[in-house]
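Have a look at the fold first, then go through the points below.

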Amino acid sequence: MAGVSRIGGGWSQGLKLLFWFCFFAVGYTLIGYPLWLWVLAKVRPKPVRKQCPSCPEDLPTVSVIVVVRNEAGRIERRLTNLLEQTYPPSKMQVIVVDDGSTDDTAIRVQSWMETRSDECTFLLIRHAASRGKAFGIDSAVERTTGDILVFCDARQRFAKDTLLYLVLNFADPHVGCVSGELVFETTEGSDIQVEMGSYWNFEKWVRSLESQTGSVAGATGAVYAIRKSLFRPIPVQTILDDVLIPMHAALQGYRIVFDHEARAYDVVSKDMQQEGRRKIRTLAGNWQLLVLEPNLANPLKNPIWFRFLSHKICRLLVPYWGICMAICALIIRDAVSIVFLAAFSGMLGLSVAPVSKRLSSGSLVGKALRMVRSAVWLYAFAAIAPFRLLFSPKSLWSS
């Protein structure tokens with residue numbers, strides 16, 4: 001009996017250690033890492049030495065790349081938006097890659113370019129069959145003439161000085177990649193405006209702190225730029241070009257910075273189901289990065305490996321740490337475990353309980369409830385993401 005008691009005691013102690021390890025891992029990811037960045041920004045900031053915007057003749061040439069598929073309804077508006085930039089047109093090249101569209105996207109692009117050929121340098125690259133965004137980017141870069149490559153999508157629009165603000169950062173020789181800021185506009189009919197707004201504001205705050213203290217672990221896909229000399233072709237199956245391309249700059253010893261003045265505007269998903277498709281793709285793409293570029297997790301190869309793991313990978317593990325804590329708590333069943341289980345069950349319940357629009361818009365409590373729901377759903381998507389990558393990768397590449 002004494003032997004059984006000793007084994008049981010050891011098992012219980014091991015579960016408690018596992019519980020507390022997971023607890024502190026979650027706490028570090030959600031609170032500790034941002035807090036460390038905040039302190040670092042106060043005591044050891046690393047400002048970017050930007051170029052003076054009043055010297056347009058000194059600006060480098062830029063090539064703007066837009067990969068599209070079946071975007072006939074908005075591609076002309078997007079191209080007009082790019083042409084309205086305050087950046088000197090003589091130093092701009094715009095390349096549109098039509099990735100096997102089945103509508104008249106290419107025809108509209110060609111017609112639009114013909115009427116504006118004297119304002120800027122335009123190029124249309126057509127692929128008969130869809131090969132994916134990564135292939136489109138690689139094929140476009142081969143035809144670029146600019147010193148700076150700018151990547152964007154058809155869905156968003158730029159503020160008029162976005163290109164200028166992006167490029168001014170490259171006057172600092174240590175900067176290799178610049179991410180702009182994605183701003184979500186008020187979206188009619190969206191059920192998750194509050195949740196996504198709060199999440200994205202927190203994410204931008206963390207990225208801003210990373211930039212102030214060194215490098216951001218990635219960029220915003222809707223608006224980012226890199227020195228052409230640092231670009232490396234990416235595998236055709238790449239899901240997150242906006243992380244892999246910037247991280248290639250980091251692997252070569254350059255900074256990735258965030259500039260909140262270089263803005264792109266977008267709309268929020270209309271509901272959690274639509275947001276789920278986007279989030280699962282993004283989160284699965286983070287796992288894929290470890291396979292496509294193992295050096296990202298190697299401290300001897302990646303100067304910002306600690307930030308990459310803390311920002312990108314630890315967040316993917318939060319739902320699994322939470323599940324592990326719940327299992328341990330069910331077995332341990334001491335006072336701390338019971339409190340945790342009550343809180344865990346309450347959050348799960350809130351994630352599926354209906355919250356009226358009146359409550360969410362008119363009450364701090366209601367908004368807090370909706371943010372809790374958002375957090376639970378987002379981490380549920382994180383738990384699903386690696387399985388989608390394993391068992392249905394093609395659906396992620398084509399989405």
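Let's start with a helix: in this predicted model, helix 7 (residues 241-251) lies across strand 4 (148-152), strand 6, strand 7 and strand 8 (255-267). Helix 7 runs at about 30° to strand 7. From there, we can move on to the sheet and then to a couple of loop residues.

- Eight strands make up an open sheet with mixed pairing, and their order is 3-2-1-4-7-6-8-5.
- Strand 3 (121-127) and strand 5 (157-158) stand at the edges with a single partner strand each, so one side of each has no neighbour in the sheet.
- Strand 6 (residues 175-185) and strand 7 (residues 224-227) run antiparallel and are joined by three bridges.

**Two loop residues with positive phi**
- As background, most residues other than glycine have a negative phi.
- Asn 70 isn't a glycine, yet its phi is positive, near 55°.
- You'll find Asn 70 in the loop between strand 1 (62-68) and helix 2 (75-83), and with a relative accessible area of 30% it is partly exposed.
- Arg 333 isn't a glycine either, and its phi is positive at about 55°.
- Look for Arg 333 in the loop between helix 9 (305-332) and helix 10 (335-352).
- Is Arg 333 buried or exposed? Its relative accessibility is 61%, so Arg 333 counts as exposed, the cut-off being over 50%.

Definitions and conventions: Residues numbered from 1 in each chain as written. Predicted model: local features only at pLDDT ≥ 70, side-chain atom pairs only at ≥ 80, totals over all residues. Heavy atoms only, no water. Pairing = 2+ DSSP bridges. Helix = DSSP H or I, 4+ residues; strand = E, 2+ residues; numbered from the N terminus. Contact = heavy atoms within 4.5 Å. Axes fitted to C-alpha atoms, helices over the stretch in contact; angles between N-to-C directions. Buried < 20%, exposed > 50% of the residue type's maximum accessible area, 1.4 Å probe, protein only.
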